[in-house]
Amino acid sequence: MSLDFALSKPLVDYGRAVKEWSATECRPYAREADDRHAPPANWPEILDTSPVPLGRVDKPEAGQVPDFDEGYWVTKLVFTESIGYGDIWVSPTLGSGIGHLVVESMGTPEQLEKWYEPVVSSGLPTGFALTEPQFGTDTSMVATTATRDGDSWVLNGSKIFCSSGASSEYVVVFATTDKSLGAKGINAFVVPKGTPGFVVTRPNEHKLGIRSWGTSALAFDDCAIPLENRLGWTADGSVPAKRSGQSGALGALAYNRPNMAALATGLAQASLDVAGEILAGQKAGFTPRRWSAVEAELTNMNHALERGRRLNYKAQYLVDAGKPDRALAAMGKGYSPQTCERVIRRCIQLLGPEGTSQDLLLEKWYRDVKIMDIFEGSGQAQRIVVGRTLMGRVAG
Amino acid sequence: MLDLEPTEEHLAVAELARGLGLELLSPAAREAEAEQAVPEGVWRTLFETGLTVPVPEEFGGGGIPDTVTQMIAVEGLAYGDAGITLAAIWSGSAALLLARHGTEEQTALLRELAGNPDSRAAVALYEGHGRAPAEFTTSISRTADGSWRVQGRKVAVAFADRADPLIVVGVEPETGKLRAVFVPPSDPGVVIAADGRGLALDAAPTATVSFDVTVPADNLVGVAEDDAVALANTVGRIRLAVAAAQVGTAQRAVEYAAQYATERIAFGRPIAGFQGVSFPLAEAQIRIEAARLEIAEAATLLDGGEYGDRTETVTRVVNYAGEVAAEATRTAVQTLGGHGFIVEHPVELWYRTAAALSALDFDPLCSSFEPAL
Ligand SMILES: Cc1cc2nc3c(=O)[nH]c(=O)nc-3n(C[C@H](O)[C@H](O)[C@H](O)COP(=O)(O)OP(=O)(O)OC[C@H]3O[C@@H](n4cnc5c(N)ncnc54)[C@H](O)[C@@H]3O)c2cc1C
């Protein structure tokens with residue numbers, strides 16, 4: 001059988017429906033979400049207007065994202081770009097957490113049943129608390145400690161930049177049980193919201209972009225959780241983890257990386273389409289030479305977005321096929337966000353000074369998109385992953 | 001003969017401007033943005049330095065520096081904050097234009113501009129669409145009775161609503177000559193639509209201004225026989241200031257990020273030890289230096305004895321500096337990682353500022369979109 005780059009018609013139709021809906025119904029609230037540093041207050045009603053099921057957290061009866069032949073991860077990729085096309089505020093209201101991905105990657109069958117399956121079917125948000133003030137990329141530097149005390153693990157330390165940390169069902173916290181073991185001593189612990197000693201010290205940072213997303217600072221102050229909340233372990237502590245906490249964390253992120261590329265692509269495509277339409281109306285204002293340059297720019301930018309999409313589709317295609325390839329996921333995330341920044345900036349430039357106005361959303365999308373090349377593995381971190389598949393651990 | 005040694009004056013101005021940038025402008029940057037106005041004390045102090053309102057000494061000013069020196073001043077001030085710098089420079093550019101091209105009667109206005117810090121003036125210049133001054137579609141044509149009819153639309157006009165004077169730059173269709181005229185902002189033929197907030201640069205309230213207005217003959221800056229090339233070179237100088245502000249912004253961002261990179265530890269060493277961190281910063285620095293030299297050369301051409309229109313040179317360097325600064329500031333944010341995304345650090349402000357400035361005088365013919373990979 002020959003290669004086929006086309007998605008199945010049902011998935012194309014679904015993606016288009018989500019995209020059009022997100023642009024018409026969600027985008028009008030983009031400015032408000034940015035100003036309030038929160039999704040619009042009436043977000044459940046806005047989600048109610050969707051003509052297709054979205055897999056809502058708050059309203060499971062509104063229907064799950066349908067199954068398509070492509071599989072879960074490719075579907076999720078299409079979904080994520082289409083949702084992001086409207087605006088960046090929509091995605092977290094649909095429970096786009098990543099804590100449960102760690103459960104999936106490291107949990108025992110009992111843990112999967114307790115913390116993965118319910119979240120996947122309900123879409124409830126889950127937090128991923130790895131980053132601390134002193135480190136982000138170098139995850140071996142985890143300083144939060146987990147100490148065994150009889151039937152509990154007791155967590156102490158602070159985490160920053162935890163997406164949806166203040167609103168998640170539970171947060172997966174990375175802590176070290178034995179600092180002398182370095183990275184191998186890092187374990188992942190499920191800390192449900194409301195656990196005594198788990199404090200949200202700052203619900204949301206003041207940020208350049210994605211202001212409507214909660215980015216929380218968390219403190220764990222003698223926070224005691226049951227033994228079985230250590231991922232990969234049972235209550236009696238006898239089953240060794242399949243993977244260390246650190247590699248579990250990174251493995252979980254790998255699946256989600258293309259989704260971040262897809263969000264960036266959604267914003268860049270939205271910018272291109274919005275700018276393209278405005279520019280078409282201004283054609284008469286350009287000299288013929290400049291107008292052909294403008295047209296060529298728009299075409300080239302669309303092609304650049306397509307190249308990024310191909311890489312990310314391939315990465316998620318392999319996950320769905322049961323052959324995940326971390327290097328491909330890193331290529332997708334290494335490619336798209338930085339190029340999307342440039343696309344959005346170029347669109348603003350083509351529109352001239354008026355393109356920077358808050359009357360349009362391009363200035364906001366230029367702020368929003370910057371994070372995509374930083375979190376869930378920075379652009380440099382993706383290059384290291386790819387470099388190591390070429391050159392092994394010697395690659396820096 | 002090649003001479004790339006800065007003069008004593010250049011060095012003195014650079015030091016003064018950078019000092020003001022760091023100590024006066026930079027601490028006020030957030031407030032100026034939030035309030036959409038330069039704090040009064042900051043404006044006064046800046047005004048009193050004479051760096052932003054170039055007026056000859058005979059009119060109570062501190063003299064008009066040459067273009068090279070003025071660009072050094074703008075870069076140094078923008079090292080502190082480009083938003084405040086350009087607010088002052090744009091207001092001051094009307095004085096520059098009058099001092100160089102005004103009739104004797106018109107230059108009398110300079111006393112007020114040089115003496116009163118509360119005065120605001122404006123030059124309505126930019127039109128978007130990549131237009132260079134000679135291509136402006138704002139027309140300034142002579143009517144049968146000798147008055148001037150001004151028709152057109154200008155964007156990003158700072159202080160338009162309160163500017164006194166408001167000077168409009170356009171082209172006389174009959175002769176193709178670049179012209180500048182005084183237009184009263186209160187004339188019913190002047191429609192001022194305030195821009196509101198933008199990506200950055202909110203310290204100077206800007207507006208889109210449409211003109212369809214007829215003004216008396218002596219509202220022309222200078223006289224009809226004046227050389228349009230000289231005017232084009234003054235306009236070139238006003239445009240070039242944006243490139244200098246970009247270089248100041250980029251330089252500050254790169255230095256800030258470089259400092260951070262020497263302090264932030266990952267994988268057992270300062271992140272500056274990784275070429276994934278140090279090379280993008282080094283490349284930004286190479287591009288900044290290239291842009292700075294290009295600005296300086298353009299400035300010497302604008303000042304130079306050799307006669308000629310330098311518009312293309314200015315367009316090229318403004319667009320290059322725009323790309324350089326937009327990429328340098330993105331690199332700065334990237335260097336700080338997640339911390340660069342938080343307003344506790346100023347790199348996010350510079351990221352917005354450089355991108356906003358890069359759209360101001362953008363010409364799609366000067367560069368092409370390049371994907372990152
Ligand atoms: C809005 C937002 C949401 C976030 N959400 C979460 C979340 O939900 N959970 C969570 O745990 N974290 C989250 N983060 C944190 C994010 O993942 C980190 O900011 C990111 O991993 C980078 O870490 P850092 O900020 O500490 O930068 P650092 O690790 O200090 O890196 C600084 C710079 O150095 C580069 N660098 C580091 N090491 C190398 C190397 N060896 N070679 C080349 N370059 C290198 C990096 O690429 C970066 O450019 C979030 C951050 C933000 C801003």
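This is a predicted model: local features need pLDDT of at least 70, side-chain atom pairs count only at pLDDT 80 or more; totals for chains, interfaces and linings use all residues.

Mentor: The domain assignment divides chain B into domain 1 (8-115), domain 2 (122-219) and domain 3 (228-360). The part to look at is where domain 1 of chain B touches domain 2 of chain B, a contact that takes 19 residues from domain 1 and 20 residues from domain 2. Taken over C-alpha atoms, the centres of these two domains of chain B are 22 Å apart.

Between them, domain 1 and domain 2 of chain B bury about 1,500 Å², and 69% of that area is on carbon and sulfur atoms. The count of salt bridges between the two domains is zero, while four residue pairs are found in polar contact across the interface.

Now take the side that belongs to domain 1 of chain B. The elements giving two or more residues to this side are α1 (8-35), α4 (82-101) and α6 (109-115) of chain B. Of these, α4(B) gives the most, with nine residues. By type, the residues on this side of domain 1 of chain B are 13 nonpolar, five polar and one charged.

Away from that interface, the ligand lies between chains A and B. It is surrounded by 29 residues, and the closest include A:Phe128 and B:Gln334. A polar side-chain atom of A:Thr131 is 2.7 Å from a nitrogen atom of the ligand. A:Gly136 instead places a backbone N or O atom 2.9 Å from an oxygen atom of the ligand.

Technical notes:
Residues are numbered from 1 along each chain as its sequence is written. Chains are lettered from A and ligands numbered from 1 in the order in which they are written. Side-chain values use heavy atoms; hydrogens and water are left out. Domain bounds come from an automatic or database domain assignment. Contact means heavy atoms within 4.5 Å. Buried area is the accessible area (1.4 Å probe) that two parts lose on being put together, summed over both. A salt bridge is a side-chain nitrogen of Lys or Arg within 4 Å of a carboxyl oxygen of Asp or Glu. A polar contact is a pair of N or O atoms within 3.5 Å; within protein, one must be able to donate a hydrogen and the other to accept it, and residues adjacent in sequence count only if both atoms are side-chain atoms. Helices (H or I, at least four residues) and strands (E, at least two) are DSSP runs, numbered from the N terminus. Ala, Val, Leu, Ile, Met, Phe, Trp, Tyr, Cys and Pro count as nonpolar, Asp, Glu, Lys and Arg as charged, and the others, Gly among them, as polar. A residue is near a molecule or strand if one of its heavy atoms lies within 4 Å of it.
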